[in-house]
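Please look through the sequence and the model shown below before reading on. The paragraphs after it are meant to be followed with the structure in view.

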Amino acid sequence: MTEIMNESPEKSPDAAEPEVLVEVSDAGVATVMLNRPKRKNGLNKAMVDQAIDALEAIWADDRCRVVVLTGAGTSFCSGMDLSERILPDEMTFMRRVGHLCSLIHDLPLPVIAKVRGGAVGYGANLALCADLVVAGDSATFGEIFAERGLSIDGGGSWLVPRLVGLGRAKEIMFLASRVSGPEAGEMGLVNRCVPDAELDALVDDWAGRLADGPRRALSVIKQQLNKSFERSFADAIESEAVAQALSFRSKESREGAKAFFEKRTPDFRSC
C-alpha cells in the first residue's frame, strides 16, 4: 500500500492538482514528484514551497528510509518558469530555492534523482543535489545559465566541479553546455545512464536496497562524504573514529554482526 501524503479528507474534487506529489510506500520509499508537466515542471513559488514542505515532512517521518526525486511527464525540470513573476522578490526567492537544495543535501536519508528528459538550469543542479543520480538516455542536463546572461544557482558552482573536475566544470558552464544522459554517465556527472525503459526498474532496485539498509549508518555515511572536501585527512580520521565508536554500540551493528555469523541477510528494519 502507498500513502499519498498530499491528500486530506477536506480536499475538494475540484481543487487544483498539487504542484508536488508525495507518496510513501510501505517499504519506506518516499517519492517526491514535481508535477507541472504542461510547463515541463518549471519551478514557481508554489512548487518550491510545496517541495520544501514535502522534504521537511519526510525528514520528520520515521517511516521514510529513502527518497526518490523525479518529475511528471516527459521532463525532470526545465528550471525556473520565467513566464511567471518572481515572488516576493529575487533575493528572497533565490534563498528559498537554495534552501530546497540544502534540504536535499542535508536530509539524513539517501536521495535518488530519477531523470528523464530535460533537466535544465536550476533543474539540472536540483537533480545533482541528490546523493545518487540515475538518468535515462533521453535525459539532457542543460547548464544554460551563461546563455541567459545569468550566473549559476541550485548549488551547481559547488556540485559540478566536485563531480567532473574544475576544468570540465568551467567548460560546461562557460559554454552553456547541454550534456546528454550518456555523456553525463561517461564523465561522471551522474551515477548511471540507462535506456529509458530500464530507468524505473533500476531506481526501484536501488531504492529498495537502500530502504532495507541500515538507516542510521547510511545517514552518518552521507554526512561524512558530504563533508569530505572540507576536512583535512586528520579531521576525517577523527570524525570516523567517533562515528564508528558509536556505531559499534548500535542495534544496527549488532544485527549486522549477528546476521554475518548466522549467514543470513541482516534485518535492519527490526533495529
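The model is predicted, and local features are described where pLDDT is at least 70, with side-chain atom pairs counted only at pLDDT 80 or more, while totals for chains, interfaces and linings use all residues. Residues are numbered from 1 along each chain as its sequence is written, and side-chain values rest on heavy atoms, with hydrogens and water left out.

Asparagine 41 sits in the loop that runs between strand S3 (29–34) and helix H1 (45–60), where helices (H or I, at least four residues) and strands (E, at least two) are DSSP runs numbered from the N terminus. Because its relative accessibility is 0%, asparagine 41 counts as buried, a term that means under 20% relative accessible area with a 1.4 Å probe and protein chains only. Its side chain has a polar atom 2.7 Å from the backbone nitrogen of arginine 36, and a polar atom of that side chain also lies 2.9 Å from the backbone oxygen of alanine 72. Leaving aside residues up to four places away in sequence, asparagine 41 touches a set of residues including Leu34, Met47, Phe76 and Cys77, contact being heavy atoms within 4.5 Å.

S6 pairs with strand S8 (residues 140–142) in the parallel sense over 3 bridges, and glycine 118 stands opposite threonine 140 in S8.

Terms used
Buried means under 20% relative accessible area, exposed over 50%, partly exposed in between (1.4 Å probe, protein chains only). A polar contact is a pair of N or O atoms within 3.5 Å; within protein, one must be able to donate a hydrogen and the other to accept it, and residues adjacent in sequence count only if both atoms are side-chain atoms. Two strands pair if DSSP finds at least two bridges between them.
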